[in-house]
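Please look at the structure first.

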Amino acid sequence: MLTGNDEAEVVAFIDGESNIVITDEDQALRERIDTRYKPELEAAYGDVITYVAEDLVHERRPNDGGTDEHGSRVAPIVGEGWLHWVNQAEVLAATGFTQIDVALVGAGGVRNSLEQGDLREGEISLELLPFSNYLSVLEVQGSVLRQLIDETVTTSLEDSAHMGKFPYAAGLRYTFDETVAQVDGEISQLQIRRVDGSGNVTWEDVVDSNDYVITTTNYNANGNDEWTALYHAQAGGVNRYEIVMNGNDVEAYRVTSMTTVGDSYRPVYEDGNGPDCSDDSTLTCNTDALGVIEYLDSEVDVLEEVEHPPVTLNLLPRS
């Protein structure tokens, strides 16, 4: 509600417009909204899961939209939610991995900023992550992580480029320095986060020949949005699982390799069948949203930007 001078300014503006008028609320209409529509809306948006301390801006590429070199404050939170969720004992048991190291988040899959105030479940599943993707967990070499970041960031340097492919992360941080404006650049830092039993954080350089276990959406894991480094890394074989829920149980579908069907990248499943995400399925497939919801609800009383920004994009001055 506006008060004081703010309210007076708006009222004065309305008074000066012939097609706007301030009128009393229609009580019959208010009653119909409250009894017929509001209950379903509240049910769809569910419970409050955390409180957002201040507006958190999502911008696809750092330095755009008034952001600094670290860019989106929302995508790293999504990554932290995914990384926390896939490291639960039930998910690890279903996949056979002992630890998931990194979450990679395509900027285009995150659809909006978060406003200060209470945050409800539906604001994640219906607005922030509305595509009902399931999370994939897969093992890749450090060289693949390096190639993926280098290729997607380099092709995002041109101001008119499609920025949905821009990579954010959790459990990993990188610095990319533009060397030729809108054309080329280089990675000057690429590190994995390690946390000891006391919660102390250290960072170690990514080693190209080492294996790392990552999570991202099945959409990006397949190589879509120009994440082709992941597709090529899996074409000859991969240790990968698609993670969905069946009631309270985790189900993991093993992917053995990748193939192409026309212009599309497709996973090859061990038993020939992937998750059934049709409307009449018993599976909950939007584990990308579910993971963030459960993380915020169980781990975060007050939501703030992450302590260690995962992305630093140093652009040359624009003329």
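Q: Is the link of cysteine 277 and cysteine 285 left-handed or right-handed?
A: In this predicted model, cysteine 277 and cysteine 285 form a disulfide, with sulfur atoms 2.1 Å apart. The angle about the S-S bond is -90°. That link is left-handed.

Q: How many disulfides does the structure hold?
A: A disulfide is a covalent bond between the sulfur atoms of two cysteines. Cysteine 277 and cysteine 285 form such a pair. For the structure, the count is one.

Q: Is cysteine 285 buried or exposed?
A: The cut-off for buried is under 20% relative accessible area. Cysteine 285 has 8%, so it falls under that cut-off. Cysteine 285 is buried.

Q: How do the axes of α5 and α9 run, roughly parallel or roughly antiparallel?
A: Helix α5 spans residues 121–128 and helix α9 spans residues 287–299. Their axes come within 9 Å and cross at roughly 155°. Angles over 145 degrees count as roughly antiparallel, so α5 is placed in that class relative to α9. The answer is roughly antiparallel.

Q: Which residues of α9 do Glu121, Ile124 and Ser125 meet?
A: The crossing of α5 and α9 is right-handed. The residues of this contact divide into five nonpolar, one polar and one charged. On the α9 side they are Ala289, Val292, Ile293 and Leu296.

Q: What covers the buried residues of α5?
A: The buried residues of α5 are Gly122, Ile124 and Leu128. Ile124 also meets α9, as part of the contact between the two helices. The cover includes α2 (27–45), β1 (48–52), α3 (75–86), β3 (117–120) and α9.

Q: Which residues is threonine 175 in contact with, leaving aside its neighbours within four places in sequence?
A: Threonine 175 lies in strand β6, residues 172–180. At 11% relative accessibility, threonine 175 counts as buried. Its contacts are Glu186, Ile187, Ser188, Gln189, Thr312 and Asn314.

Q: What percentage of contacts between residues at least 6 apart in sequence join residues at least 24 apart?
A: The protein has nine helices and 15 strands. Its C-alpha atoms fill a box of roughly 70 × 55 × 50 Å along the principal axes. Of its 319 residues, 42% count as buried. For the contacts asked about, the value is 69%.

Methods: Residues numbered from 1 in each chain as written. Predicted model: local features only at pLDDT ≥ 70, side-chain atom pairs only at ≥ 80, totals over all residues. Heavy atoms only, no water. Axes fitted to C-alpha atoms, helices over the stretch in contact; angles between N-to-C directions. Helix = DSSP H or I, 4+ residues; strand = E, 2+ residues; numbered from the N terminus. Parallel < 35°, antiparallel > 145°, perpendicular 65-115°, else oblique. Left-handed = near helix turned anticlockwise from the far one by under 90°. Contact = heavy atoms within 4.5 Å. Nonpolar A, V, L, I, M, F, W, Y, C, P; charged D, E, K, R; others polar. Disulfide = S-S within 2.5 Å. Buried < 20%, exposed > 50% of the residue type's maximum accessible area, 1.4 Å probe, protein only.
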